[in-house]
Amino acid sequence: FTMTQTARDCQAMCTRHPACGAWIFNPPGSYFIDHPRCDLKGLGGALRIESMDKGQGWVSGVKPGAQVIFKSE
């Protein structure tokens with residue numbers, strides 16, 4: 001990602017990619033990174049629902065129709 005790309009760009013990449021089921025945007029400054037990152041997750045795994053709101057601009061989402069999330073008890 002470039003410095004000008006945003007969480008919406010990350011979401012758009014996942015939407016366009018047929019093997020993407022979910023995405024996570026890591027903003028600059030999180031985990032000591034100096035540029036935004038976009039992590040795309042596939043359709044073949046499970047993701048745990050976690051609070052990503054650390055006050056740092058984290059954003060994530062699941063592509064409509066993808067079944068990749070489970071809730072742990």
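1. The sheet. Three strands make up an open sheet, and their order is β2-β1-β4. The pairing is antiparallel. β2 (37-42) and β4 (59-62) are the edge strands. Each has a single partner strand, so one side of each is left without a neighbour in the sheet. From one strand to the next, the twist averages 15 degrees. Keep in mind that this is a predicted model.

2. The β1 and β4 pairing. Strand β1 covers residues 20-26. β1 and β4 pair in the antiparallel sense over four bridges. Take F25 as an example: its bridge partner in β4 is V59.

3. The helix on the sheet. Helix α1 (residues 7-16) packs on the sheet. α1 touches β1, β2 and β4. The direction of α1 makes about 165 degrees with that of β1.

4. Two sides of α1. Which residues of α1 are buried? They include A7, C10 and C14. Seen down the helix axis, the buried residues of α1 fall within an arc of 60 degrees, so they line one face of the helix. What covers them includes β1, β2 and β4. Now turn to the other side of α1: R8, T15 and R16 are exposed there.

5. C20 in strand β1. C20 lies in β1. Is C20 buried or exposed? Its relative accessible area is 2%. Buried means under 20%, so C20 counts as buried. Leaving out residues up to four places away in sequence, C20 touches C14, L40, K41, L43 and K63. Another, L40, is 20 residues from C20 in sequence. In space, C20 and L40 are 6.2 Å apart, C-alpha to C-alpha.

6. The aromatic pair. How many aromatic pairs does a search of the whole structure find? It finds one. The rings belong to F1 and F25. Their centres are 6.3 Å apart and their planes stand at 50 degrees, so the pair is tilted. F1 lies in the segment before α1, and F25 lies in strand β1. The pair therefore ties together parts that are 24 residues apart in sequence.

7. F1 is partly exposed, with a relative accessible area of 30%. F25 is buried, and its value is 7%.

Note on methods. Residues are numbered from 1 along each chain as its sequence is written. This is a predicted model: local features need pLDDT of at least 70, side-chain atom pairs count only at pLDDT 80 or more; totals for chains, interfaces and linings use all residues. Side-chain values use heavy atoms; hydrogens and water are left out. Two strands pair if DSSP finds at least two bridges between them. Axes are lines fitted to C-alpha atoms, for helices over the stretch in contact, and angles run from 0 to 180 degrees between N-to-C directions. Contact means heavy atoms within 4.5 Å. Buried means under 20% relative accessible area, exposed over 50%, partly exposed in between (1.4 Å probe, protein chains only). The arc is that of the directions from the helix axis to the C-beta atoms. Rings of Phe, Tyr and Trp (its six-membered ring) pair if their centres lie within 6.5 Å; planes under 30 degrees apart count as stacked, over 60 as edge-to-face and the rest as tilted.
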